[in-house]
Each structure stands twice: as C-alpha cells, then as structure tokens.
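The following briefing is meant to be read beside the sequence and the coordinates.

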Amino acid sequence: MPAQRERPDTQAGAGGADVLLEKLGVRVDPELLVLALTHRSFAHEAGGIPTNERLEFLGDSVLGFVVTDALYRDHADLPEGELAKMRAATVSQRSLAAIARELDLGRFILLGKGELGTRGYDKDSILSDTVEAIIGAVFLSGGIDAARTFVHRLVDATLEVAADLGAGLDWKTSLQELAGELGLGAPEYRWEAEGPAHARVFTSHVALDGEVLGTGTGSAKKHAEQEAAEHAYAALRTRADDAARASDASAGGRG
C-alpha cells in the first residue's frame, strides 16, 4: 500500500501563487492561474463561482495537439496506431498525475471540505485535470508558443520512454489486439456513474464472450475503461501464457 500523503499547508490564494509559478517556470495571468486551481467542489461550496473545467477542456486539446505534433515530427517511421498508443500514454490520467506530484501541485489546488476529507489533493483525477487546466491558462496567457514550450517541459520525459511501454501505452487497444490474437470477440464495455455532478465516479466493466474480466473506476468514463481494460488484459495474458505452457508440456510428454 502506498504511503499516505499529508495535506501540505500552502494553498493558492494564501501566498502560494508565486511559489507555484516558480515551480511551473512560466508566466500566467494571476486570475487565470487561480481559476485553473479552482476545483468544482470548492466552487460549489463557495456559492457557484467559476470552476477550472472550461480551462481543463481547453488545456486537454492544447496538450493533445502539442503531443501529437511532436510524435508526428519525431517518429516518421511509426504507423498511426503506434503513434496513437504513445500519445495515449503521454496524456493519460496516470502520467499527468505523476507530473502533478513532481510539482507538488496538490498543495495549491482549491478544494471543498468534502474533497479535502477524502484526500482529493492526491487523487489522480483531480491532479491530472488541474494540470490540463493550467495548460489552458498558459495558452490563454501566452499563446500557442508558450503553451508548446510548457507542455514539452512537462511531458518530454514521458515521450522519451513511451516507445518502450508496450501494452501499457493504451490498454483498450492492447486488450482488443490480444483478444483478436486469441480468436475472441471484441471487448464489450458497460459502465455506471454514481455521486453528485461535481463529484461523479464512473465504474466500468469489460467482458469478453460474456465473461467480465476487468473492472475499473475513475472520474471520467474513459479513465474507468482504461483501468478495466488493464485488469482484463492482465487476466487474459495470464490465461494465454498458462495455456501455452500447458500445451508445451503436453507436447514434451508425447515426445
């Protein structure tokens, strides 16, 4: 079990903006920075002030564009499918959350009491969403060139190792490919959502030939499906490897 992370003292709006800007190494309009750090739980408790969700929407597109452009230019020998996997790994919730933790971003996010009580400052979903919102704020503050430089500073290390991540680049694609290799049908995903609109949790189940092989949860359906696909891939890979070993042993015995 990972070590419990304590809530740091410094928050945005409490003298921490300059500290965060130094960590980010970029100029951002102060009002946009505070908006980028305003989680919907805080906004809800504050009477419905604006949240960072529109900036997150913008930042997600900017991030995707910059990463796609870099992959296209730097890997002229790779087909579209491989490029898509590398992009998925680079912009995944897990990767962005890891970047946020390196920046100690959780200490600056404005959260409501409920999210503070459930350690929202260390949740992958909240951390990754805030990174995207900050990218959106950088884009609005300095344009695409500033955003491109900032995104590269954040993700270049991930891009460098993405080619070696194998199945983990995109679990849904990898599961579909493995199912095809084993002569199984296409994976089928089912999902449900629970909780209020400002704190929705999605649960996804993935089945092959009617059997549920993986379950995942996340703040968005796509994240829940990726986690479910990861678990299903591991289960299916184990079955396939066990079957191959049993077949080899049987063949050896007959010899």
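Read from the N terminus, the elements of the protein chain follow the order α-α-α-α-α-α-α-α-α-β-β-β-α, which comes to ten helices and three strands. The model is a predicted one, and the values below are computed from it. Of the 255 residues in the protein chain, 39% are buried, and among contacts between residues at least 6 apart in sequence, 58% join residues at least 24 apart.

**Nonpolar cores**

- The largest nonpolar core has 42 residues, and those with the most contacts inside it are Leu24, Leu105, Ile134, Ile135, Phe150, Leu154 and Val155.
- Two or more residues of this core are given by each of helix H1 (17–24), helix H2 (30–36), helix H4 (53–74), H5, helix H6 (93–102) and H8, and the largest share, 15 residues, comes from H8.
- Phe150, one of the residues with the most contacts inside that core, touches Leu24, Val26, Ile134, Ile135 and Val138 once residues up to four places away in sequence are not counted.
- Another core, of twelve residues, lies apart from the largest one and includes Leu178, Leu208, Ala232 and Leu236.

**Packing of helix H5 on helix H8**

- The axes of helix H5 (residues 80–90) and helix H8 (residues 124–162) come within 9 Å and cross at roughly 140°, and so H5 counts as oblique to H8.
- The crossing of H5 and H8 is right-handed, and the contact is made by Met86, Ala89 and Thr90 on the H5 side and by Val155, Thr158, Leu159 and Ala162 on the H8 side.
- By class, the residues of the contact of H5 with H8 divide into five nonpolar, two polar and no charged.

**Packing of helix H6 on helix H8**

- For H6 and H8 the axes come within 6 Å and cross at roughly 80°, an angle that makes H6 roughly perpendicular to H8.
- H6 brings Gln93, Arg94, Ser95, Leu96, Ala97, Ile99, Ala100 and Arg101 to this contact, while H8 brings Asp124, Ser125, Leu127, Ser128, Val131, Glu132, Leu154, Val155 and Thr158.
- The residues of the contact of H6 with H8 divide into eight nonpolar, five polar and four charged.

**Packing of helix H4 on helix H8**

- The axes of H4 and H8 come within 8 Å and cross at roughly 50°, and H4 is therefore oblique to H8.
- The crossing of H4 and H8 is right-handed, and the contact of H4 with H8 has 19 nonpolar, three polar and six charged residues.

**Backbone angles in the loops**

- Most residues other than glycine have a negative phi.
- Asp104, found in the loop between H6 and helix H7 (113–117), has a phi near 60°, a positive value in a residue other than glycine.
- The relative accessibility of Asp104 is 21%, so Asp104 counts as partly exposed.
- Arg119, found in the loop between H7 and H8, likewise has a positive phi, near 60°, although this residue is other than glycine.
- Arg119 counts as partly exposed because its relative accessibility is 23%.

**Residues paired across the sequence**

- Glu53 is found in helix H4 and, because its relative accessibility is 36%, counts as partly exposed.
- Glu53 and Ala36 are 17 residues apart along the chain, and their C-alpha atoms are separated by 8.1 Å.
- His231 has its place in helix H10 (residues 221–254) and, at 38% relative accessibility, counts as partly exposed.
- The C-alpha atoms of His231 and Gly214 are 4.8 Å apart in space, whereas the two residues are 17 residues apart in sequence.
- Which residues is His231 in contact with, leaving aside its neighbours within four places in sequence? His231 is in contact with Leu213, Gly214 and Thr215.

Notes
Residues numbered from 1 in each chain as written. Predicted model: local features only at pLDDT ≥ 70, side-chain atom pairs only at ≥ 80, totals over all residues. Heavy atoms only, no water. Axes fitted to C-alpha atoms, helices over the stretch in contact; angles between N-to-C directions. Helix = DSSP H or I, 4+ residues; strand = E, 2+ residues; numbered from the N terminus. Parallel < 35°, antiparallel > 145°, perpendicular 65-115°, else oblique. Left-handed = near helix turned anticlockwise from the far one by under 90°. Contact = heavy atoms within 4.5 Å. Nonpolar A, V, L, I, M, F, W, Y, C, P; charged D, E, K, R; others polar. Core = buried A, V, L, I, M, F, W, Y, C linked by side-chain atoms within 4.5 Å. Buried < 20%, exposed > 50% of the residue type's maximum accessible area, 1.4 Å probe, protein only.
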